[in-house]
Amino acid sequence: MKSFLLALLLVFSVAVYATPLDSLMPVRGFCIAAPRPSGLDSFLVFIRQELAPRHVNTLILRVDYHYTFERHPELIDSFPLTRADAGRIVGACRELGIRIIPQINMLGHQSDRNHLGRLLKAYPQFDETPAVQMPAVYAWPNPDKLYCKSYCPLYPDLHRVIFDVIDEICDVFDADAFHAGMDEVFYLGEPTCPRCAGRDRAELFAGEVRALRDHLASKNRSLWIWGDRLLDGKTTGLGEWEGSYNDTYRAIDLIPKDVTICDWHYDRADYTAPYFAMKGFHVVTCPWRKPDLAVLQVKDMLRFRAQSSPEMGDRFLGVAETVWSPVSPFLAGFYGLPLPPPPPGARPQNPEETPWKCFRTMYDSLNAFTAGASVTPVAAIDASAIRTIDPLDTDYADLAPLAAAIGKARIVLLGEQTHGEGSTFTAKTRLVRFLHERMGFDVLAFESGLYDCARIQENVAAGARLNSEVLGSLFYMYATSFQTQPLFDYVQAHMTLAGFESQHTGEKAKTMLFGDFGDFLRRRDPALPDSSFGTFRRLSLATFASRDFRPSEADKAVFLSEIDRLKRALPAGGVVKGPLTENPGFWHEVVCSIESQALRYWGLTGDANPDGVRDAQMAQNLIWLVEHAYPGKKIIVWAHNVHIAKGLETFGPTTFKPMGETIAAHFGARAYAIGFTGATGTYMDYTDSHILMVPTRAAASTEKALSAYRYAFLDYRTALPTRRVAALADYDAIDGAWGAVFDGIFFIRNVYPVNRFQ
């Protein structure tokens, strides 16, 4: 399938040119503490209504130990989030194309004023300065030079604990990067520490950065840190907060260059980002509370990217607003609500210099400076806005235009650009629920084996769990995706599962098909499974197991003769009674499917397009399901865009006739095919699990024109006919008359990859 799609798109592809926001400012970040569970709903509203419309694409979430750790429950701090809470944040951010980078402070910040942090409370042996006691009342400066405690980076058992914590928090937030903090480290290499005394502080700091980075790299994750300890505070005049007075700055030449530096300056727009970039690091500039300063820092970042060499320019990643309060006071200030009283001794807050005002001003300026490259449409298309793709959202008012377009159709075909895109799986799950609950669709037919899915359904009817039955037998990208698990739960409770694929690649086909088939034939006529049937069985299983298998000429002749004999013995039509595997028409389609697979694998398709042979049998299987297996029911088809398409000649000459073309010709208006596409984001290459970027959309493309919408539906049957550039598969652009290809299109602005558990 993958090689076929590549060949098809090489013929049809066109060049695309655009300057998207991502190319001008790749990281548009927001850093804040994780919300308390009681404030989670408000935080999710803020993400949806404030972060996403401002095109924020990175959320640095300072979780620290406010999570219900399973591996180290002794580290759980107050007001912890649960796994379910984290899942809600992840779900919202995925839907909106926002990357989550969780933070737990490493090395420094192991205490706050007069309170010891959870790590040193649970493991006091990790303390770099155990003799320094926490004061009853904190004041700075103090005789102990206590700002925040640090852990000893050389303590033997330290990394076992913190690596467990890092792995768990990254797993639960589905993160490909981790922020380790590491700012304002004052205690390091202390003379009272039996392990660190006398050691070079730069080497100690660099050693801890390397340890964290190497562990994360082993899990295919990257490390982010604050940059102040890598700046010489004395020489630059930055001071001991925004720079280092204890010689850690030399570590900049000792740490890996793939560490991302968050460069914070809150009183001046110091030009340290170029310093980090010249040292080979990617850098993000971080404002806090001064709006005018943030605007200047945004301008600087845009200028650094535009006016630097290509090697340097790409290292300037973007900006991230930082918030150093809990979520609730920030939201109160942002929405103009009464603020809680400041802590004792805190300096009065200037109402013109607040993090919420800084956030608004910074993103207003950023979006104004980059307006020409924002995600507003270049050539707007009047489509129907879809409010959400969340399968749990059953307020289906937004899907009324889609229902009107489907009308009285009995078959709805739902496509996908690739088998590795989780956002489409999520959207299709909501559509499946809607089609069942509001439009009476009862059968869900997958692009998976005809026999495999029949056996799965029969096992489920006998009491098996669908989530377990699909493993190894339904197409693996569907079976092992976290995004499809709610779908399987729903289908188990409410619907019937079927498959129409003409290939036999599932474990049930490989291990159970011929047992069931032989039993059926013996009940029908004991003479049917003769010695030729044994050869047919042997060659079929060898073909299921390997595309490279080739039979002898003698075996091939027996096989093809047996195919003809079985097709004559098993009537093709008929009304299905009972389970599918108890009906001759079902086994007729299975035999035809085996024939289709063998002819393709063995190179016997003659002048016919091999992929067209596959799709022709898929179409025949689907027609049989509709007209004979489920004659009184409405059916949803779940497949790749290419399989549900029709009219591919609009893109240029082709010998490939997809399944969708046969279905459209056979059923006419009773079938409605919806292709899926998107504008930005990432997806998984299902052949090797690599994460790929969605290519830049052309200025005149359908995707660019729909980009004013987060989600949208466009009914091609009523839209004005026109040729446009759009994507059919793997987000590669093709120019054509798309109303001839799909009946409608479902658009997702920011797509994201599947998340697999196997």
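Modeller: Happy to! Let's start with Trp288, which is partly exposed at 23% relative accessibility. Keep in mind that this is a predicted model.

Colleague: Good to know. What about Tyr266, buried or exposed?
Modeller: Tyr266 is buried, with a relative accessibility of 9%.

Colleague: How many aromatic pairs does the structure hold?
Modeller: There are 55 aromatic pairs in the structure. In one of them, the rings of Tyr266 and Trp288 have centres 5.2 Å apart and planes at 55°, so that pair is tilted.

Colleague: Let's look at Phe536 and Phe559. How do their planes sit?
Modeller: Their planes are at 40° and the ring centres are 5.2 Å apart, so this pair is tilted. Phe536 belongs to helix H23 (residues 531-545) and Phe559 to helix H24 (residues 553-569), so the pair ties together parts 23 residues apart in sequence.

Colleague: Are those two buried or exposed?
Modeller: Phe536 and Phe559 are both buried. They also belong to one aromatic cluster, whose members include Tyr451, Phe514, Phe544, Trp587, Trp602 and Trp624.

Colleague: Nice. Now the barrel: which strands close into it, and in what order?
Modeller: Eight strands close into the barrel, in the order E1-E2-E3-E6-E7-E8-E9-E10, with parallel pairing. On average, neighbouring strands of this sheet are turned by 25° against each other, direction ignored.

Colleague: Can we zoom in on one strand pair? How many bridges do E7 and E8 share?
Modeller: Strand E7 (residues 222-226) pairs with E8 over three bridges, in the parallel sense. Trp224 stands opposite Thr260 in E8.

Colleague: Which helices can you place against those strands?
Modeller: H11 packs on the sheet and touches E9 and strand E10 (316-322), and its direction makes about 170° with that of E10. Helix H3 (residues 40-51) lies across strand E1 (27-33) and strand E2 (58-62), running at about 155° to E2.

Colleague: Switching to charges. How many salt bridges does the count come to?
Modeller: The count comes to 43 salt bridges. One of them joins the side chains of Glu50 and Arg54, at 2.6 Å from N to O.

Colleague: And are Glu50 and Arg54 buried or exposed?
Modeller: Glu50 counts as buried because its relative accessibility is 12%, under the 20% cut-off. Arg54 is buried as well, at 11%.

Colleague: What about Asp176 and Arg99, how do their side chains meet?
Modeller: They meet in a salt bridge, 2.9 Å from N to O. Asp176 is in the loop between helix H6 (158-172) and strand E6 (177-181), and Arg99 is in strand E3 (residues 99-106), so to speak of sequence distance, they are 77 residues apart. Asp176 is partly exposed with a relative accessible area of 39%, and Arg99 is partly exposed at 30%.

Colleague: Which parts of the chain does the Arg250 and Asp200 pair link?
Modeller: The side chains of Arg250 and Asp200 form a salt bridge of 3.0 Å, N to O. Arg250 sits in the loop between helix H9 (239-242) and strand E8 (260-264), and Asp200 in the loop between E6 and helix H7 (201-218), 50 residues apart. Arg250 counts as partly exposed at 36% relative accessibility, and Asp200 is partly exposed at 27%.

Colleague: Where do Arg36 and Arg360 lie?
Modeller: Arg36 lies over the face of Phe79, 3.5 Å from the ring centre. Arg360 lies over the face of Phe334, at 3.7 Å from the ring centre.

Colleague: One more: where is Trp738 found?
Modeller: Trp738 is in the loop between strand E20 (733-737) and strand E21 (744-751), and it counts as buried at 3% relative accessibility.

Colleague: What is Trp738 in contact with, leaving aside its neighbours within four places in sequence?
Modeller: Its contacts include Phe651, Tyr716, Arg724, Val725 and Leu728. Trp738 and Val725 are 13 residues apart in sequence and 8.7 Å apart in space, C-alpha to C-alpha.

Note on methods:
Residues are numbered from 1 along each chain as its sequence is written. This is a predicted model: local features need pLDDT of at least 70, side-chain atom pairs count only at pLDDT 80 or more; totals for chains, interfaces and linings use all residues. Side-chain values use heavy atoms; hydrogens and water are left out. A salt bridge is a side-chain nitrogen of Lys or Arg within 4 Å of a carboxyl oxygen of Asp or Glu. Buried means under 20% relative accessible area, exposed over 50%, partly exposed in between (1.4 Å probe, protein chains only). Helices (H or I, at least four residues) and strands (E, at least two) are DSSP runs, numbered from the N terminus. Contact means heavy atoms within 4.5 Å. Rings of Phe, Tyr and Trp (its six-membered ring) pair if their centres lie within 6.5 Å; planes under 30 degrees apart count as stacked, over 60 as edge-to-face and the rest as tilted. A charge sits over a ring if NZ of Lys or CZ of Arg is within 6 Å of the ring centre and within 35 degrees of the ring normal. Two strands pair if DSSP finds at least two bridges between them. Axes are lines fitted to C-alpha atoms, for helices over the stretch in contact, and angles run from 0 to 180 degrees between N-to-C directions.
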